[in-house]
Amino acid sequence: MEHTEKAPNGVDLEALIGTVAAVKAAPSLARFRFRVHNRWVAGAHSKTTIQGFYGTGKEDASRKNPFVLEGDEPPVLLGGDAGPNAVEAVLHALASCLVVGFVYNATVRGIGVDSMELDLEGDLDLQGFLGLSKNVRPGYEGIRVICRVKSSATDEALQDLWAYSQEISPVMDIVRNPVPVFSELKKA
């Protein structure tokens, strides 16, 4: 969707306002359950298929074709480089979530976004993943996000919007706060 008067920043403002109003009127519509299916290929390579999900009170089957994401490791980490590794995928998820929150809320606030680019970096010490140290966490020690926005809005308006988009970002919340994870192993 292009940036037009009817669709500022490529967002259908009327549909966005309608969605917010519908959720305010019926909060149960806000409950979503997203799913993925992953299949190991070989070595570090796996494929994740994403298609259906539950949302707005029903199963959603609007995606006619599944998304397939490849996961692997670079050769230095014994992979075949068929796709990004899992921790790179986390950075991608965070970046795309921050973009959505920023652009949607810019649209609601009447702020035009001419361009937006994010650079993310995460520091990780393999000693944790390799089981070589109990004092080193296996995940990221820290993540840095740099956002560059071209807009005619004031610096203050953009800073406020950037802070708000981080506050409401589901992926930022997942990264910053512990999420209960329940897992079980079943023999196939």
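Of the 188 residues of the protein, 24% count as buried, where buried means under 20% relative accessible area, exposed over 50%, and partly exposed in between (1.4 Å probe, protein chains only). This is a predicted model, in which local features need pLDDT of at least 70 and side-chain atom pairs count only at pLDDT 80 or more, while totals for chains, interfaces and linings use all residues. Residues are numbered from 1 along each chain as its sequence is written, and side-chain values use heavy atoms, with hydrogens and water left out.

**Whole chain**

The protein has five helices and eight strands. Helices (H or I, at least four residues) and strands (E, at least two) are DSSP runs, numbered from the N terminus. From that end, the elements run α-β-β-β-β-β-β-α-β-α-β-α-α. Along the principal axes, the C-alpha atoms fill a box of roughly 55 × 40 × 30 Å.

Switch to a surface. The protein exposes about 13700 Å², and carbon and sulfur atoms supply 57% of it. These areas come from the Shrake-Rupley method with a 1.4 Å probe; for residues, only the protein chains shown count as cover.

Two strands pair if DSSP finds at least two bridges between them. Then pick histidine 37, whose bridge partner in β3 is threonine 49.

Serine 46 has glycine 71 as its bridge partner in β6.

**The three-strand sheet**

Now select β1, β4 and β5. These three strands form an open sheet in the order β1-β4-β5, with antiparallel pairing. β1 (33–34) and β5 (58–60) stand at the edges with a single partner strand each, so one side of each is left without a neighbour in the sheet. Strand β4 (residues 53–55) pairs with β5 over three bridges. Phenylalanine 53 stands opposite aspartate 60 in β5.

**The second largest pocket**

Which residues line the second largest pocket? Select Phe102, Val145, Ile146, Cys147, Arg148, Val149, Asp155, Leu158, Gln159 and Trp162. A pocket is an open set of points on a 1 Å grid over the protein atoms alone, where a 1.4 Å probe fits, with protein on both sides within 12 Å along at least five of seven lines; lining residues have an atom within 4 Å of a point. The volume is about 180 Å³, taken as the space filled by probe spheres set on the points, which are joined across faces, edges and corners.

Colour by element. β8 (142–150) and α4 (155–167) each supply at least two lining residues. β8 gives the most, with five.

Pick histidine 92 in helix α2 (residues 86–108). Histidine 92 is exposed, with a relative accessible area of 55%.

Finish at aspartate 114, in the loop between α2 and β7 (115–123). Is this residue buried or exposed? At 56% relative accessibility, aspartate 114 counts as exposed. Leaving out residues up to four places away in sequence, aspartate 114 touches Lys150, Ser151 and Ser152, where contact means heavy atoms within 4.5 Å.
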